[in-house]
Number of protein chains: 2
Amino acid sequence: MHSPELIVHHIPVCPFSQRLEILLALKGLRDRVAFRVVDVTRPRDPALLRLARGSTALPIMRTPQGVLRESLVILRYLDELFPAPMIAAPDPYRRAVEAMLIAREGGFTAAGYRYVMNRDRARSSAFRDAMLAQYAWIEDFLAWQSPGGVFLSDRFGLAEAVFTPMFMRFWFLEYYEDFALPAQGFARVRRWREACLAHPAAQQVCREEIVKSYYDYAQGVGNGALPPGRGVSSFAFAPHWRERPWPPRDKYAPATDAMLGLIAP
Amino acid sequence: MHSPELIVHHIPVCPFSQRLEILLALKGLRDRVAFRVVDVTRPRDPALLRLARGSTALPIMRTPQGVLRESLVILRYLDELFPAPMIAAPDPYRRAVEAMLIAREGGFTAAGYRYVMNRDRARSSAFRDAMLAQYAWIEDFLAWQSPGGVFLSDRFGLAEAVFTPMFMRFWFLEYYEDFALPAQGFARVRRWREACLAHPAAQQVCREEIVKSYYDYAQGVGNGALPPGRGVSSFAFAPHWRERPWPPRDKYAPATDAMLGLIAP
């Protein structure tokens with residue numbers, strides 16, 4: 001009954017929006033929310049800016065009562081609005097454990113984005129260390145709370161909906177920075193990440209789309225802005241990412257629009 | 001029935017701990033949780049460090065099921081564990097609005113602490129501007145969500161429990177930085193702040209205790225560490241803060257232990 005009344009404005013490849021899509025997929029309720037695409041490479045629609053009270057951050061969600069911002073806020077709202085089934089843990093203590101892990105998502109996300117956006121090759125190893133410190137924290141947390149498990153609880157839950165889109169975006173670190181978890185010391189978080197990546201409710205994007213779309217982040221610019229010397233954003237909707245070649249893996253030698261398949265060669 | 005089983009380890013003047021005390025006071029359940037004092041000026045008890053999985057951050061809470069960290073996590077846990085009355089808003093949409101405001105607490109807190117800890121007088125106005133930007137955000141948010149009200153909703157709720165301890169700590173900005181909200185443009189947040197500060201459930205600390213205890217923050221050091229040339233922390237339990245003189249307001253001219261009443265003159 002809420003279906004025409006809930007509208008998310010989002011960038012399709014945005015991890016924050018994917019959190020909402022995963023949650024709805026877990027509930028079997030993807031069609032209860034309308035998703036409207038925002039082209040981040042163009043100036044923002046003033047009407048949309050007014051809706052979000054001047055904020056350019058996406059996603060935002062229109063509800064019958066008002067506009068909500070912040071993916072974690074919208075995520076919990078949808079989980080409570082459509083409580084069958086609840087994706088959050090079922091009792092106060094387990095919800096608190098889940099919330100402790102979710103509280104790290106900001107630092108985790110920032111570490112990965114800073115790493116891919118860094119343009120100083122000499123500083124790459126420091127960004128790698130900062131990323132590994134984030135994974136090490138999760139390793140310790142999961143070893144503390146769920147040593148023998150796969151997910152944090154016995155199923156893919158709210159923490160997984162929060163982190164899985166970031167695990168997917170961080171494919172850009174594997175591609176552009178040769179980042180990989182070391183063989184030793186990360187067994188628990190690796191098990192978690194692999195199960196998250198493989199979950200059927202979380203297949204809204206694939207590695208190829210992310211690696212191609214986020215090329216401009218690897219050039220140090222985000223949110224649809226253009227790197228120097230370029231005329232078309234890697235987030236452009238046309239040509240479709242499937243029709244473009246894989247970008248060069250050496251992010252320190254900038255590619256042209258033509259090399260990226262964004263314009264005819 | 002939970003009373004002997006819930007134990008919070010805390011620093012008495014800590015704002016994060018006060019959030020929990022306010023929540024319990026609102027519920028009339030202060031005696032359901034035992035508060036154990038940690039002296040932040042002494043090396044941390046190894047047993048306590050083990051409980052918190054190596055983290056020195058306080059408060060932590062022991063529950064029958066395990067240890068919880070992070071004040072916002074513990075706050076929601078206690079609200080859900082003792083749901084009569086719930087302090088969080090009563091429906092998903094209002095809870096989401098509340099959560100959007102609460103999501104700003106980290107930036108708000110950081111702006112105030114950075115400002116008081118700054119030791120470069122020439123940079124003071126930049127820190128003041130950053131603090132005012134935080135208040136301006138709240139001003140706009142409250143004008144959006146609750147233009148004619150006092151609190152965010154019709155009562156002192158979860159967002160108020162989160163922010164009030166920070167409004168109180170920021171008395172140190174009034175004292176050491178002559179910080180005040182400008183007469184123009186901050187009417188809504190001023191109304192909110194004044195009602196928060198006056199609420200009967202939030203009187204665990206007073207201005208004098210905060211100004212005296214946080215002197216060392218105004219010297220640029222936190223968490224019980226000692227400023228150069230000093231031998232006793234301003235967070236020391238003895239002499240009691242009531243027996244000490246008010247510190248000099250010019251934080252840029254460091255006071256001695258004797259001037260602060262921390263040792264006999």
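**Close-up 1. A facing pair of residues in the sheet of chain A.** A:I7 stands opposite A:R62, which belongs to β3(A). The model you are looking at is predicted: local features need pLDDT of at least 70, side-chain atom pairs count only at pLDDT 80 or more, and totals for chains, interfaces and linings use all residues. Residues are numbered from 1 along each chain as its sequence is written, chains are lettered from A and ligands numbered from 1 in the order in which they are written, and side-chain values use heavy atoms, with hydrogens and water left out. Strand β1 (residues 7-10) and strand β3 (residues 60-62) of chain A run antiparallel and are joined by 3 bridges. (Strands are DSSP runs of E, at least two residues, and helices are runs of H or I, at least four residues, numbered from the N terminus; two strands pair if DSSP finds at least two bridges between them.)

Close-up 2. In chain A, 4 strands make an open sheet in the order β2-β1-β3-β4, with mixed pairing. Strands β2 (34-37) and β4 (67-69) of chain A stand at the edges with a single partner strand each, so one side of each has no neighbour in the sheet. From one strand to the next, the twist averages 25 degrees. Helix α3 (residues 71-81) of chain A packs on the sheet and touches β3 and β4 of chain A, contact meaning heavy atoms within 4.5 Å. The direction of helix α3 makes about 125 degrees with that of β4(A) (axes are lines fitted to C-alpha atoms, for helices over the stretch in contact, and angles run from 0 to 180 degrees between N-to-C directions).

**Close-up 3. Where the two domains of chain A meet.** Domain 1 (7-81) and domain 2 (92-202) come from the domain assignment of chain A, which is an automatic or database one. The contact takes 14 residues from domain 1 of chain A and 17 residues from domain 2 of chain A. About 1300 Å² is buried between these domains, and carbon and sulfur atoms give 66% of that area (the accessible area, with a 1.4 Å probe, that two parts lose on being put together, summed over both). A:R19, A:I22 and A:R76 supply 38% of what domain 1 of chain A buries against domain 2 of chain A, more than any other three residues.

**Close-up 4. A salt bridge of A:R19.** A:E105 forms a salt bridge with A:R19, with 2.8 Å between the closest N and O atoms (a side-chain nitrogen of Lys or Arg within 4 Å of a carboxyl oxygen of Asp or Glu).
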